[in-house]
Amino acid sequence: LTVPSVGQAAVAADYSCIPFQNAPEHIASLSMRYTLPLNNNLGELLLFSSINHQGKTYTSATTSPLEDPTAWMDGFEVINLSLEWNGIMGSNLDARAFVTNAADKTYKVSEYIGLSNSSGFTNSVYGEPRMYRMSLRYRFGAS
């Protein structure tokens, strides 16, 4: 890569020793879904769970890991759970309760370290804390 500078000759820069920025080596997800029909036309229960993993991520575009060891962002796992009751009591009404980040893990989803060399500060964005939600849905027309 050649980097031009105003009033100076272009300089060759070799970034081959730098890991890809914001590209974790491993990303994985495992989900489980279980449906339980209820007797007497009461509807059905649906249980869902997922665990999502993202490996450690290098956040610098222009420094090597030796120059800035703080550029590595730790990997994390997030667990999500939900419970649905579809066709409540034989109706077209569905209810759902779910929780995201069930373990209430604190984790970074992105980080900008560009200012750390000049000011000593970085900018980090964290994932959502544990959140609870509920929803109701009515299905119009045929089931």
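Guide: Let's start at Asp94, which is buried, with a relative accessibility of 3%. Buried stands for under 20% relative accessible area, exposed for over 50%, and partly exposed for what lies in between, using a 1.4 Å probe and protein chains only. Before we go on, note that this is a predicted model, so local features need pLDDT of at least 70 and side-chain atom pairs count only at pLDDT 80 or more, while totals for chains, interfaces and linings use all residues. Residues are numbered from 1 along each chain as its sequence is written, and side-chain values use heavy atoms, with hydrogens and water left out.

What does Asp94 pair with in a salt bridge? Its partner is Arg139, with 2.9 Å between the closest N and O atoms. Asp94 belongs to strand E8 (residues 93-100) and Arg139 to the segment after strand E11 (131-138), so this pair ties together parts 45 residues apart in sequence. A strand here is a DSSP run of at least two residues, labelled E, while helices (H or I) need at least four, and both are numbered from the N terminus. Arg139 itself is partly exposed, at 26% relative accessible area. A salt bridge means a side-chain nitrogen of Lys or Arg within 4 Å of a carboxyl oxygen of Asp or Glu.

The structure has five salt bridges. One of them joins Lys108 and Glu111, at 2.8 Å from N to O. Lys108 is partly exposed at 25%, whereas Glu111 is buried at 8%. Another joins Glu128 and Arg133, at 3.5 Å. Here Glu128 is partly exposed at 44%, and Arg133 is partly exposed at 28%.

Now let's turn to the rings. The whole structure contains three aromatic pairs. One of these is Tyr58 with Trp72, an edge-to-face pair with 5.0 Å between centres and 65° between planes. It links distant parts of the chain, since Tyr58 is in strand E5 (residues 57-58) and Trp72 in strand E6 (residues 72-73), 14 residues apart. Tyr58 is buried, at 1% relative accessible area, while Trp72 is partly exposed, at 31%. Phe76 and Tyr107 make a stacked pair, 4.5 Å centre to centre with 25° between the planes. Phe76 is in strand E7 and Tyr107 in the loop between E8 and strand E9 (108-112), so the pair ties together parts 31 residues apart in sequence. Both Phe76 and Tyr107 are buried. For such pairs, rings of Phe, Tyr and Trp (its six-membered ring) must have centres within 6.5 Å; planes under 30 degrees apart are stacked, over 60 edge-to-face, and the rest tilted.

Charges can meet rings too. The charged end of Lys56 sits over the ring of Trp72, 4.5 Å from its centre. Arg96 lies over the face of Phe98, at 4.0 Å from the ring centre. The rule is that NZ of Lys or CZ of Arg is within 6 Å of the ring centre and within 35 degrees of the ring normal.

Arg96 and Phe98 turn up again as contacts of Ser82. Ser82 is in strand E7 and is buried, at 9% relative accessible area. Leaving aside neighbours within four places in sequence, Ser82 also contacts Leu46, Leu47, Phe48 and Ala97, where contact means heavy atoms within 4.5 Å. By C-alpha, Ser82 and Ile113 are 36 Å apart in space and 31 residues apart in sequence.

Strand E7 also holds Ile79, which is partly exposed at 33%. With Leu30, Ile51 and Leu81, Ile79 forms a nonpolar surface patch with about 330 Å² of accessible area together. Patch residues have over 30% relative accessible area and no salt bridge; like charges are joined within 9 Å, and nonpolar side chains (Val, Leu, Ile, Met, Phe, Trp, Tyr) within 5 Å. Accessible areas come from the Shrake-Rupley method with a 1.4 Å probe, and for residues only the protein chains shown count as cover.

Finally, look at two loops. Asn22 is in the loop between strand E2 (8-12) and strand E3 (27-37), and its phi is near 55°, a positive value in a residue other than glycine. Met89, in the loop between strand E7 (76-86) and E8, also has a positive phi, near 55°. Asn22 is partly exposed at 44%, and Met89 is exposed at 56%.
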